[in-house]
Amino acid sequence: MDAEAGCREAFVDAALYDYEYRHRRADINFYRHLAQNRMEFVPGAVLDLACGSGRLLVPLLRDGHEVVGLDRSPEMLAAAARKIRRLSPGRRRSCTLVRADLRGFAFRRPATLAISAFHSVQHLHTDREFLAFLRCARGSLRTGGWLAFDVLPPDPAWLGRDPRRRWGRTTLRHPSTKQRYVYTANHTYDPAARLLHMRLYYQPVDERGRPSGVERTVRLCHRQFRPDEIVRLLQLGGFRPLAAFGDFDGRPLTGDAGAAIEQVYVAVAV
Ligand SMILES: C[S@@+](CC[C@H](N)C(=O)[O-])C[C@H]1O[C@@H](n2cnc3c(N)ncnc32)[C@H](O)[C@@H]1O
């Protein structure tokens with residue numbers, strides 16, 4: 001299974017990405033609040049690490065922050081750039097987009113806050129890769145700066161689902177081509193590498209729902225993280241964990257299996 005392809009394929013069609021996640025707002029609201037509160041005390045730039053198509057970056061710019069967005073997908077960055085072009089000249093000037101890898105980047109001017117939203121760090125598949133990311137983030141933040149990110153809690157029942165079945169069947173219309181698709185998904189879990197290999201299937205269908213073309217498979221691969229691993233790696237990477245939430249509503253992250261919907265971390269650069 002190609003883990004690297006699982007970090008790229010879902011981010012080639014930015015229009016489809018934006019359409020599929022158009023209702024995902026809780027994380028954006030959470031990070032906007034965090035940025036607002038942080039900037040009140042320590043003004044400075046926000047780094048959006050793996051900014052994608054600008055789902056969070058654009059609201060941060062609209063809130064008046066100076067934002068540097070980093071991603072390695074040219075398609076996602078192009079989508080972000082198109083949205084930024086529609087903002088006022090002042091907001092546009094407050095934004096820089098950089099094509100770079102989470103595992104090796106550096107910014108000269110230390111930022112106040114770095115955010116890596118929507119499970120992006122789960123594309124860092126080994127401790128070594130996650131640590132490389134943390135060290136780059138630490139090097140790009142002032143001492144006392146904050147790093148915030150989220151990962152999905154590993155759910156044994158979900159990981160162990162039958163990989164031969166298809167789940168989550170929905171019908172959608174591509175926002176640009178207007179082609180109708182039936183979407184389904186399944187996955188295989190590799191417990192040794194702790195990698196979840198997801199497959200997202202897009203079957204073109206006609207207006208009556210009948211298959212009308214070749215099904216496309218998009219691979220998506222996520223590392224599974226336990227809270228204790230994240231805390232240990234944060235410390236090794238130059239951070240002190242500040243808060244851990246079990247969802248974007250701010251509920252605490254407890255050891256209670258199944259209680260967390262997301263794992264959301266805020267850490268301070270030491
Ligand atoms: C789920 S998307 C999240 C995008 C954005 N943060 C959001 O909230 O919509 C994951 C993003 O991580 C980026 N990505 C994955 N691996 C990366 C890497 N090694 N370096 C830089 N970006 C990466 C992808 O290109 C994609 O834009």
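Helices (H or I, at least four residues) and strands (E, at least two) are DSSP runs, numbered from the N terminus. The model is predicted: local features need pLDDT of at least 70, side-chain atom pairs count only at pLDDT 80 or more, and totals for chains, interfaces and linings use all residues. Residues are numbered from 1 along each chain as its sequence is written.

**View 1. The whole chain.**
The chain holds eight helices and eleven strands. Its radius of gyration, taken over C-alpha atoms, is 19 Å. Along its principal axes, the C-alpha trace spans about 55 × 45 × 30 Å. Of the 270 residues, 33% count as buried. A residue is buried if 20 or more other C-beta atoms lie within 10 Å of its own, exposed if 12 or fewer, and partly exposed in between; C-beta atoms are placed from the backbone. Two residues are in contact if these C-beta atoms lie within 7 Å. Among contacts between residues at least 6 apart in sequence, 65% join residues at least 24 apart.

Around the ligand stand 19 residues. By class, the shell has nine nonpolar, five polar and five charged residues. Here Ala, Val, Leu, Ile, Met, Phe, Trp, Tyr, Cys and Pro count as nonpolar, Asp, Glu, Lys and Arg as charged, and the others, Gly among them, as polar.

**View 2. The sheet of seven strands.**
This open sheet runs in the order S3-S2-S1-S4-S5-S11-S10, and its pairing is mixed. Two strands pair if DSSP finds at least two bridges between them. Strand S3 (95-99) and strand S10 (239-245) are the edge strands, each pairing on one side only. On average, neighbouring strands are turned by 20° against each other, direction ignored. Strand S1 (residues 46-49) and strand S4 (residues 111-116) run parallel, joined by three bridges. In this pair, Val46 stands opposite Leu113 in S4.

Helix H2 (residues 26-41) packs on the sheet, touching S1, S4, strand S5 (141-151) and S11. The direction of H2 makes about 170° with that of S4. Angles run from 0 to 180 degrees between N-to-C directions, and axes are lines fitted to C-alpha atoms, for helices over the stretch in contact. Helix H8 (residues 227-236) also packs on the sheet, touching S10 and S11. Its direction makes about 150° with that of S10.

Val268 is found in strand S11 (residues 263-269). Val268 counts as partly exposed because it has 17 C-beta neighbours inside 10 Å. Residues up to four places away in sequence aside, Val268 touches Gly144, Trp146, Phe239, Arg240 and Leu242. Phe130 is 138 residues from Val268 in sequence and 16 Å from it in space, C-alpha to C-alpha.

Thr143 has its place in strand S5. With 10 other C-beta atoms within 10 Å, Thr143 is exposed. Beyond its neighbours within four places in sequence, Thr143 is in contact with Ala269 and Val270. From Thr143 to Arg62 it is 81 residues in sequence and 26 Å in space, C-alpha to C-alpha.

**View 3. The sheet of four strands.**
A second open sheet has the order S6-S7-S8-S9, with antiparallel pairing. Strand S6 (167-173) and strand S9 (216-223) stand at the edges. Each has a single partner strand, so one side of each is left without a neighbour in the sheet. Neighbouring strands here are turned by 25° against each other on average, direction ignored. Strands of a sheet pair through backbone hydrogen bonds, either parallel or antiparallel. Eleven bridges link strand S7 (residues 180-190) to strand S8 (residues 195-205) in the antiparallel sense. His187 stands opposite Met198 in S8.

**View 4. Two loop residues with positive phi.**
Most residues other than glycine have a negative phi. Lys178, in the loop between S6 and S7, has a positive phi near 70°. Lys178 is exposed, with 7 other C-beta atoms within 10 Å. Arg194 lies in the loop between S7 and S8. Its phi is positive too, about 60°, although Arg194 is not a glycine. Arg194 is partly exposed, with 18 other C-beta atoms within 10 Å.

Methods:
A residue is near a molecule or strand if its C-beta atom, placed from the backbone, lies within 6 Å of it. The radius of gyration is taken over C-alpha atoms; the globule rule is 2.2 Å times the number of residues to the power 0.38.
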